[in-house]
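Work through the exercises below with the sequence and the structure open side by side. Try each task before reading its solution.

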Amino acid sequence: MHVIEMTSEPARPGDRDTVGGHPIMEPGQPWPACTCGARMAFFFQIDVPDDVAIFGGEHLLVFQCPVHNEPNFGPAHLPDRYWETPSGENDMVHWRILLHRGGEASDAADEFLQPRRLVLRDAGPDDEWDFRVGGEPAWIQGPEECICACGAVLRFLAQIPENFGFPKQAQAPEQDACFDFDAYGLLLGNMIYILACPDRCHPAAAWPANQH
Ligand SMILES: [Zn+2]
Ligand SMILES: [Zn+2]
């Protein structure tokens, strides 16, 4: 497993491990929009290291609506197209997780978060609760299982710690209900476990499980 560290270096178009900036998208992949219609903020992207089980070699991207910041609590059996279809306690889908191989830097850039380079380093035993990819999840409330609409059991890919702030651009509005005036958080600052379909039935077949 690998810890994901934010640097103070600005991200450039074509960088593949970033907060904000230019997402590496598949050809024809539209910029994700919330159920409310808003163009989503682009939080981060990484190349999943080759030694990560199942998903090694994929490119991971995480987006969320700049307006909507609710947690995500869904049913164990996810409905068809759950990445755009509200389910469980959610009346909208305000996040999007994409996984694909290859791709090219989008001409468009994110307008909400400061573009920063990310670096990945090997994780040690003290890094269990960090922002990281691969390995086993550090569950706060015990393991959760989710079943993809295709029938596959989703598998752990990455986790984002509680109240993890992504520095915002100066002109971007303050995020609703955020723990930090100068940053945006994902899913109201809950601990996030990114679970993804091991059969890769769709580029967006991934689910952010929340615990706190
Ligand atoms: Zn929205
Ligand atoms: Zn699936």
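**Exercise 1.** Find how the donor residues of the zinc ion (ligand 2) are spaced in sequence, and state which parts of the chain C148 and C197 tie together.

*Solution.* This is a predicted model.
Step 1. The spacing of the donor residues reads C-x1-C-x46-C-x3-C.
Step 2. C148 sits in the loop between β9 (132-133) and β10 (155-160), and C197 in the loop between β13 and β14 (206-211), so this pair ties together parts that are 49 residues apart in sequence.
Step 3. The donor atoms are the SG atoms of C148, C150, C197 and C201, and they coordinate the zinc ion (ligand 2) at 2.3 to 2.4 Å.
Step 4. The angles among the 4 donor atoms run from 103 to 116°, and the site is tetrahedral. For comparison, the ideal angle for four tetrahedral donors is 109.5 degrees.

**Exercise 2.** Decide whether C148, C197 and C150 are buried, partly exposed or exposed.

*Solution.* Step 1. The cut-offs are needed: buried means under 20% relative accessible area, exposed means over 50%, and partly exposed lies in between.
Step 2. C148 has 2% relative accessibility, so C148 is buried.
Step 3. C197 has 0%, and therefore C197 is buried too.
Step 4. C150 comes to 41%, so C150 is partly exposed.

**Exercise 3.** Describe the site of the zinc ion (ligand 1): its donors, its geometry and the spacing of its donor residues.

*Solution.* Step 1. The donors are C34 (SG), C36 (SG), C65 (SG) and H68 (ND1), at 2.1 to 2.4 Å.
Step 2. Angles of 100 to 120° among the 4 donor atoms go with a tetrahedral site.
Step 3. The sequence spacing is C-x1-C-x28-C-x2-H.
Step 4. C34 belongs to the loop between β3 (24-25) and β4 (41-47), while C65 belongs to the loop between β5 and β6; the pair links distant parts of the chain, 31 residues apart.
Step 5. C34 and C65 are both buried.

**Exercise 4.** State how many disulfides the whole structure has.

*Solution.* Step 1. A disulfide is a covalent bond between the sulfur atoms of two cysteines.
Step 2. A search of the whole structure gives 0 disulfides.

**Exercise 5.** Characterise the largest cavity by its volume, its lining and the strands that supply the lining.

*Solution.* Step 1. There are 4 cavities of 30 Å³ or more, and the largest cavity holds about 60 Å³ of space.
Step 2. Its lining residues include V62, F63, Q64, W95 and I97.
Step 3. At least two lining residues come from each of β5 (59-64), β6 (95-100) and β13 (191-196). β5 gives the most, with 3 residues.
Step 4. Sorted by class, the lining has 10 nonpolar residues, 1 polar residue and no charged residues.

**Exercise 6.** Give the volume of the largest pocket and the classes of its lining residues.

*Solution.* Step 1. The largest pocket contains about 300 Å³ of space.
Step 2. It is lined by 17 residues, and those closest to its centre are G135, E136, P137, R155 and F156.
Step 3. The lining divides into 11 nonpolar, 2 polar and 4 charged residues.

**Exercise 7.** Locate G134 and decide whether it is buried or exposed.

*Solution.* Step 1. G134 lies in the loop between β9 and β10.
Step 2. Its relative accessible area is 3%, so G134 is buried.
Step 3. G134 and P75 are 59 residues apart along the chain, and their C-alpha atoms are separated by 24 Å.

Terms used. Residues numbered from 1 in each chain as written. Chains lettered and ligands numbered in written order. Predicted model: local features only at pLDDT ≥ 70, side-chain atom pairs only at ≥ 80, totals over all residues. Heavy atoms only, no water. 1 Å grid on protein atoms, 1.4 Å probe; cavity = no way out; pocket = protein on both sides within 12 Å on 5 of 7 lines; lining within 4 Å. Points joined across faces, edges and corners; volume = space filled by probe spheres on them. Helix = DSSP H or I, 4+ residues; strand = E, 2+ residues; numbered from the N terminus. Nonpolar A, V, L, I, M, F, W, Y, C, P; charged D, E, K, R; others polar. Disulfide = S-S within 2.5 Å. Buried < 20%, exposed > 50% of the residue type's maximum accessible area, 1.4 Å probe, protein only. Donors = N, O, S within 2.8 Å, 3.2 Å for Na, K, Ca; no water. Tetrahedral: all angles 85-135°; square planar, octahedral: opposite > 155°, others 65-115°.
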